[in-house]
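Hello,

Here is the structure I promised to pass on to you. Please have a look at it first, and then read on for what turned up.

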Amino acid sequence: MSALPDVAPMLERMAADLTDYLAHREIENPAFVGIHTGGVWLAERLRDQCLPEAPLGTLDIAFYRDDFEQNGLPPRVRPSELPFSVDDRHLILVDDVLMTGRTIRAALNELFDYGRPASVTLVALIDIEARQLPIRADVLGTSLTLPAGQRVKLTGPQPLQLTLNPVAK
Amino acid sequence: MRLTIEGARVIDPASQFDQITDLHIDDGQIVATGTAPLGFQAQRSIDARGLIASPGLVDLNVSLREPGRTRKGTIDSETRAAAAGGVTSLCSLPDTRPVLDTPAVAELILERSERAGHARVFPFGALTHGLEGEQLSELVALRDVGCVAFTQGLAPMKSNRILRRALEYAAGFDVPVVFMPQDPEMAQGGSAHEGPTAARMGLVGIPETAETIALARDLLLVEQTGVQAHFSGLSSARAMDMLADAQARGLRVTADVAMYQLLLCDEDLDGFSSLLHVLPPLRSSADRRALRQAVQSGVVQAISSHHQPHEQEAKRVPFAASAPGISSIEVLLPLAMTLVADGLLELPALLARLTCGPAGALGLPAGTLAQGARADITLFDPVEASLIGHNWISKGANCPFIGQGVPCKVTHTICNGKLVYQA
Amino acid sequence: MTSIPRHLQLNHQGQLRHFLTIEGLSRELLTELLDTADSFLEVGERAVKKVPLLRGKTVCNVFFENSTRTRTTFELAAKRLSADVLNLNIQTSSTSKGETLYDTLRNLEAMAADMFVVRHGDSGAAHFIAQQVCPDVAIINAGDGNHSHPTQAMLDMLTIRRHRGGFENLSVAIVGDILHSRVARSNMQALHTLGCPDIRVIAPRTLLPAGIEQYGVRVFNDLRVGLRDVDVVIMLRLQKERMQSGLLPSEGEFYRLYGLTRETLALAKPDALVMHPGPINRGVEIESEVADGAQSVILNQVTYGIAVRMAVMSMAMAGQNAQRQHNQEAQHATDH
């Protein structure tokens, strides 16, 4: 299969796409929210490039996952941190890899427990088209098809790079 | 019935006899060792090759529970358990309901145990009425009906003065008194040995001095009154020293320790198991070592079961709330044999601690295989392992040894010439 | 040597499934608990202070000893995990002919309780329940006799970590009735496991248990010596009964010798933390001004208590779930 794309040029394009999108939707004064860990790295970069004044929050969706019964708590839980009020705020939610959509579902539930946002724009670096829920990125880096038994992972924070890993047994 | 036991290794510690030979029994008596008497025709014979034949075990501390506490045990069930453990003579404690402080209760127990026929019971009478520690029981009447000694058990006397008078009275009629020394106020509220284990487990401790203070008082009064004294269930190293001292000074004091105290210590209170809640408590490993040494040297001449069966509900509660006591008479001999396996005692000496030792302490007509003696005999296999808990007989399953293997198996128990137990 | 078998609190993968005592738990597990609690603290600062982790689960608070404070924090913790909560206050008296502990809990289990939070006057009660009564229900020990109060210890550890950063260079003093204190026992164990190098207990001899050295602590009978340069002071509550049983002559003497006042606190480091499991006896073990003063984190302890209990409950539930799945798979395998 073809080599994984470079992250840096993708991010340039995404920043441009995001700026267009926000202008088109007339979204003003948004806040960035990154999902640990890859989403946070990406959100930082995008924020710095597009809207350096915008605040940045981080989300650890551990307590909102739908697989607690089967898998328990993930090993390293970190506190979520949103240093701004969510009520009536436009949010830009950033994640690295969009797979089934369940992580985003959990993130949305968690965000709505903070308050009532005006809107949520979803930005993802990679969509591997394995959707199980009707969730789509508004701004996307690229779609990828993976060979069976493989996962893609964003490593970082410096440099940001995509790697392919076999699915853990 | 005429019975021959063939080819056993016959060990009679009382006469220092240890030989492979035959035993011949007729009409409840041992009539001959070795060659059968002239004209003796056995109706039944037991092939005892490879087995040990010992005098039936004599257990000086057993709670039969009946009359009155029959949820925990009955005379029938517990003497049957005794027979399975190779015990043919046992002394029952008077803390029944009603307390054994009148001849009628003694007669009831003797009559029922004889009817059950599994083991011979030598009851202890209560030293005081109702075991309340105040008014002396009718010791002579009780003796005449069959009580072999008197005790308060763990129940305290109302004062030293009353205790002294009771001992003097007993001494006057030459009846032995059995002591289980525990100062009630020092022991109050406690359920485990006062030490690092109890401290870590948050259990109120019973200090060693709860035993030694009462023991010191008892020994001084024994000396003053001249009563024949037996101490049952001492648990501390210090008590062993005090006992040895008293014996060295010529006092008439004997002692038995509980079998489980020779095997367990407070470090075993792993996980708060109420099966290990006993009074007096399991003490430190150093105390256990001293108890074992005292048994080895003979300062303690008897090992007893301190059999205390309980119904399940009494133990199925948190540790301190549970009723104290272990049910273990039916494994007395197998557990005792671990002392031989450990090299603490040779087999004849171990058997002495279980037969002529206890019998001699209280002058009981038991614990020997002499010609003309009552045919109370235990046959066991010293090699075949058995699993504790297999076919459990006692009404009380409160035994922490259940599930363990032991290096011996009681095969036959003969009481008064009748086979009362067979594996 | 521990008095609780390791396998009782942990499942086949070493995850928590009952929380009975600090004893036998590794430094890694205690640290994981603190980290998880940190995340739950953040939840308490949101508009919606709930997460759906225990949704659909039933948590029973079974309290045989009265304690409004502890029970309400457990209740709040369970509700913030979206669990359904049942509160049972059972007064035991020696003359009452109520149901046995065994039967009470078996009946609750039959009503599909997923977790019991138990406080009982007998040491070893929580262990008894986990081992003999309801091994398949997560048991959280809210205090058993004098033995253990592990959630209190963990909230005390969280307090220390949040206000002092870690345990490596710390000097901690525990003052008061150590003998009767399950909090003291659990705290000594937790501090020791988490690597605190200088743990001190300060008490008169009558209030110290036998073999206290086994906890790896330094013993002081003189407060003014023991408090020197400590970073953290944990005061224990003195109960009135102690005077009656000959352990102490009077409250006054205790306060004079062991009371934490402005004067005695000054012997510790200038920014030393003042902690107390509560409820405090003003003027008996601690001066009012100190309890309410700048160095006191007593109220913070209460907040941290909710987060710690949320962490304990989630971890224990996850451990029980995993155990159940493992048992089902093992059963499935033997059926084939």
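Let me start with how the chains meet, keeping in mind that this is a predicted model. Two pairs of chains are in contact, and chains B and C share the most contacts. Chain A and chain B, on the other hand, have no contact with each other, and their closest C-alpha atoms are 28 Å apart.

**Chain C with chain B**

On this interface, 26 residues of chain C are in contact with 17 residues of chain B. The area buried between chain C and chain B comes to about 1,800 Å², and carbon and sulfur atoms give 58% of that. As for specific pairings, one salt bridge is found across the interface of chain C and chain B. You can look for it between the side chains of E23(C) and R200(B), at 3.1 Å from N to O. There are also seven residue pairs in polar contact between chain C and chain B, both residues being at pLDDT 80 or more.

Which helices of chain C each supply at least two residues of the side that touches chain B? They are α4 (101–110), α5 (125–133) and α7 (182–193). Of the side of chain C that touches chain B, α5(C) gives the most, with five residues. That side of chain C divides into 10 nonpolar, 13 polar and three charged residues.

**Chain A with chain C**

Here the contact takes 16 residues from chain A and 24 residues from chain C. Between them, chain A and chain C bury about 1,600 Å², with 58% of it on carbon and sulfur atoms. In chain A, the residues that lose the most area to chain C are F63(A), F68(A) and E69(A), which together make up 41% of what that side buries.

The count between chain A and chain C is three salt bridges. One of the salt bridges joins the side chains of R324(C) and E69(A), at 3.7 Å from N to O. Chain A and chain C also have 10 residue pairs in polar contact, both at pLDDT 80 or more. Helix α3 (residues 68–71) of chain A gives the largest share of the side of chain A that touches chain C, three residues. By residue type, that side of chain A holds nine nonpolar, three polar and four charged residues.

**Helix α13 of chain C**

Do take a look at helix α13 (residues 298–335) of chain C, which has 38 residues. From first C-alpha to last, α13(C) reaches 55 Å, close to the 56 Å expected at 1.5 Å a residue. Where is the kink in α13(C) centred? It is centred on Y304(C), and the kink is about 25°.

**Within chain B**

Over all chains, the structure holds 43 salt bridges. Among them is the one between the side chains of K72(B) and E311(B), at 3.0 Å from N to O. This pair links distant parts of the chain, 239 residues apart: K72(B) is in the loop between β6 (57–62) and α1 (75–84), and E311(B) is in the loop between β15 (302–304) and α10 (312–315).

The loop between β6 and α1 of chain B also holds P67(B), and the peptide bond from E66(B) to P67(B) is cis, with omega near 5°. Another cis peptide bond joins R97(B) and P98(B), with omega about 10°. P98(B) sits in the loop between β7 (87–92) and α2 (103–116) of chain B.

Finally, N416(B) has a phi near 55°, a positive value in a residue other than glycine. You will find N416(B) in the loop between β19 (409–415) and β20 (418–422) of chain B.

Happy exploring!

Conventions:
Residues numbered from 1 in each chain as written. Chains lettered and ligands numbered in written order. Predicted model: local features only at pLDDT ≥ 70, side-chain atom pairs only at ≥ 80, totals over all residues. Heavy atoms only, no water. Helix = DSSP H or I, 4+ residues; strand = E, 2+ residues; numbered from the N terminus. Expected span 1.5 Å × (residues − 1). Bend = angle between axes of the 7 residues up to and from the residue. Contact = heavy atoms within 4.5 Å. Buried area = accessible area lost by both parts, 1.4 Å probe. Salt bridge = Lys/Arg side-chain N within 4 Å of Asp/Glu carboxyl O. Polar contact = N/O pair within 3.5 Å; in protein donor to acceptor, adjacent residues only side chain to side chain. Nonpolar A, V, L, I, M, F, W, Y, C, P; charged D, E, K, R; others polar.
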